[in-house]
Amino acid sequence: LVARLHRMIETTQIPVRLAGLSATLPNPSHVARFLSVRPEHLFEFGQEYRPIPLQQTFCGILKASKNYFQKEQQLNTICWSVVSHTLKRGFQAMVFVHSRKGTSD
């Protein structure tokens, strides 16, 4: 998408405005540089603009199985425990995975 956008701007000489929003993006300046956004056109808004504070939790396995499928199952079990506890307390949860296939596992 980014390459096509850059190509279209080069060939048509018509500037395009791209707006990107994320509640969890930790490195907006890196993404802006990737998108060829000039620093003065990058707008970052911190936690003070959020109506509800964002909490991030990272789950990992200290002693994981060498077997890939067992390790994935261990991680899924730990993650489900954290997510279900969060939901039972009346909060929302969002889980990020490394691949598209990981969303269906």
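At 63% relative accessibility, Gln13 counts as exposed, because exposed means over 50% relative accessible area, whereas buried means under 20% and partly exposed lies in between, as found with a 1.4 Å probe on protein chains only. The model is a predicted one, in which local features need pLDDT of at least 70 and side-chain atom pairs count only at pLDDT 80 or more, while totals for chains, interfaces and linings use all residues. Residues are numbered from 1 along each chain as its sequence is written, and side-chain values use heavy atoms, with hydrogens and water left out.

Gln13 is placed in the loop between α1 and α2, where helices (H or I, at least four residues) and strands (E, at least two) are DSSP runs numbered from the N terminus. Although Gln13 is not a glycine, its phi is positive, at about 60°. A positive phi of about 60° is also found for Ser36, again not a glycine, and Ser36 lies in the loop between α2 and α3. With a relative accessible area of 54%, Ser36 is exposed.

The chain as a whole has three helices and zero strands, and its pattern, read along the sequence, is α-α-α. Its radius of gyration, taken over C-alpha atoms, is 19 Å, whereas a compact globule of 105 residues would have one near 13 Å, the globule rule being 2.2 Å times the number of residues to the power 0.38. Along the principal axes, the C-alpha atoms fill a box of roughly 55 × 35 × 20 Å. Of the 105 residues in the chain, 7% are buried.

Gln70 belongs to helix α3, which covers residues 68-88, and with a relative accessible area of 46% Gln70 is partly exposed. The C-alpha atoms of Gln70 and Cys59 are separated by 16 Å, and these residues are eleven apart along the chain.

Side-chain contacts of two kinds were computed. The structure holds one salt bridge, a term that requires a side-chain nitrogen of Lys or Arg within 4 Å of a carboxyl oxygen of Asp or Glu; the bridge joins the side chains of Glu40 and Arg38, at 3.1 Å from N to O. The structure also holds one aromatic pair. This pair is formed by Tyr68 and Phe69 and is edge-to-face, with 5.3 Å from centre to centre and 80° between the planes. Rings of Phe, Tyr and Trp (its six-membered ring) pair if their centres lie within 6.5 Å, and planes under 30 degrees apart count as stacked, over 60 as edge-to-face and the rest as tilted. Phe69 counts as exposed, at 65% relative accessibility.

Rolling a probe the size of a water molecule over the atoms shows where empty space is left. On a 1 Å grid over the protein atoms alone, a pocket is an open set of points with protein on both sides within 12 Å along at least five of seven lines, and lining residues have an atom within 4 Å of a point. The largest pocket holds about 1,800 Å³ of space, a volume being the space filled by probe spheres set on the grid points, which are joined across faces, edges and corners. Its lining consists of 38 residues, of which Thr57, Val83, Met94, Val95 and Phe96 lie nearest the centre. By class, this lining has 20 nonpolar, twelve polar and six charged residues, where Ala, Val, Leu, Ile, Met, Phe, Trp, Tyr, Cys and Pro count as nonpolar, Asp, Glu, Lys and Arg as charged, and the others, Gly among them, as polar.

For the second largest pocket, the volume is about 1,500 Å³. This pocket is lined by 34 residues, and Leu18, Gly20, His41, Leu42 and Phe43 lie nearest its centre. The elements that give two or more residues to this lining are α1 (2-12) and α2 (28-34).

Methods
1 Å grid on protein atoms, 1.4 Å probe; cavity = no way out; pocket = protein on both sides within 12 Å on 5 of 7 lines; lining within 4 Å.
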